[in-house]
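Trainee: Hi, I'm new to this one. Could you walk me through it?

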Amino acid sequence: MTGFLFSLTFMLAAPFWALMILLPRWSWTNRIISSPLIVLPIVVIYAVLVIPAFGDVLPAVTNPTLDGVAELLGSPAGAAAGWAHMLAFDLFVGRWAFLDSREREISPLVMAPILLLTILLGPLGLAAYLAVRKL
C-alpha cells in the first residue's frame, strides 16, 4: 500500500506540472492551476500516511533532532510521507510562481526551466523564480 501511495503521489502532481510547463498559454491551464485545490489529493495521501503514525510524528516535529527526523524518514512509510510533503509544497510553490509569472508577463520560456527546477529541487526553483521576479 505504501509503495502504491508513493507512486500515486507523483502521478497526481505530474499533470499539473505538464500543464504549467508544456501548455502555459492554454486557457484551461490557467483555469485549472488557479485553484489551490490541485494539491488536495496529495495532501490526502500525506494524511493517510501520517495520521496512523501521529504518535511518532508529533514528537519528531515538535522537538526535531537530526537523529529523530532521520529515524522518522528512514522507513518506507516515512519516506512516502516525506515525498508527499515535498510534492504538495513544491506543487503549491510552482503554482504560485506560474500564476505570479503570468501576472508579471514573464515569458513561459523563462518559466519552463524554473518550474522544472522547482519539481526537482523545490527550494532552488523558488530561489530562481524570486531572482527572476526581481528583474
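Trainee: At what angle do helix 4 and helix 5 pack?
Mentor: Helix 4, residues 54–62, and helix 5, residues 66–73, pack at about 150°, and their axes are 9 Å apart. The axes are lines fitted to C-alpha atoms, for helices over the stretch in contact, and angles run from 0 to 180 degrees between N-to-C directions. That angle makes helix 4 roughly antiparallel to helix 5. For such angles, under 35 degrees counts as roughly parallel, over 145 as roughly antiparallel, 65 to 115 as roughly perpendicular, and the rest as oblique.

Trainee: Before we go on, what kind of model is this?
Mentor: It is a predicted model, where local features need pLDDT of at least 70, side-chain atom pairs count only at pLDDT 80 or more, and totals for chains, interfaces and linings use all residues. Residues are numbered from 1 along each chain as its sequence is written, and side-chain values use heavy atoms, with hydrogens and water left out.

Trainee: Back to that pair, then. Is the crossing of helix 4 and helix 5 left-handed or right-handed?
Mentor: Helix 4 and helix 5 cross in a left-handed way. Left-handed means that the near helix is turned anticlockwise from the far one by less than a right angle, and right-handed is the clockwise case.

Trainee: Which residues meet there, in helix 4 and helix 5?
Mentor: From helix 4 come Asp 56, Val 57 and Ala 60, and they meet Gly 68, Val 69 and Leu 72 of helix 5. A contact here means heavy atoms within 4.5 Å. The residues of this contact divide into four nonpolar, one polar and one charged. In that scheme Ala, Val, Leu, Ile, Met, Phe, Trp, Tyr, Cys and Pro are nonpolar, Asp, Glu, Lys and Arg are charged, and the others, Gly among them, are polar.

Trainee: How far is Gly 68 from Val 57?
Mentor: Their C-alpha atoms are separated by 9.4 Å, and the two residues are eleven apart along the chain. Gly 68 is partly exposed, because its relative accessible area is 23%. Buried means under 20%, exposed means over 50%, and partly exposed is in between, using a 1.4 Å probe and protein chains only.

Trainee: Zooming out, how many helices and strands are there in the protein?
Mentor: The protein has eight helices and zero strands. Both are DSSP runs numbered from the N terminus: helices are H or I with at least four residues, and strands are E with at least two. The C-alpha trace spans about 45 × 30 × 20 Å along its principal axes. Of the 135 residues, 33% are buried.

Trainee: And what share of the contacts join residues at least 24 apart?
Mentor: That share is 71%, among contacts between residues at least 6 apart in sequence.

Trainee: Which residues are they, in helix 3 and helix 6?
Mentor: Helix 3 brings Ile 42, Val 43, Ile 45, Tyr 46, Leu 49 and Val 50, which meet Ala 80, Ala 81, Ala 84, His 85, Leu 87, Ala 88 and Leu 91 in helix 6.

Trainee: What about Thr 9, buried or exposed?
Mentor: Thr 9 is buried, as its relative accessible area is 0%. Thr 9 sits in helix 1, residues 2–22. Leaving out residues up to four places away in sequence, Thr 9 touches Ile 42, Ile 45, Trp 83, Ala 84 and Leu 87.

Trainee: And where is Thr 29?
Mentor: Thr 29 is in helix 2, residues 27–33. Thr 29 is buried too, with a relative accessible area of 0%. Apart from neighbours within four places in sequence, Thr 29 is in contact with Leu 19, Met 20, Leu 23, Pro 24 and Phe 98.

Trainee: Last one: what is the phi of Glu 105?
Mentor: Glu 105 has a positive phi of about 60°, although it is not a glycine. Glu 105 lies in the loop between helix 6 and helix 7, and with a relative accessible area of 71%, Glu 105 is exposed.
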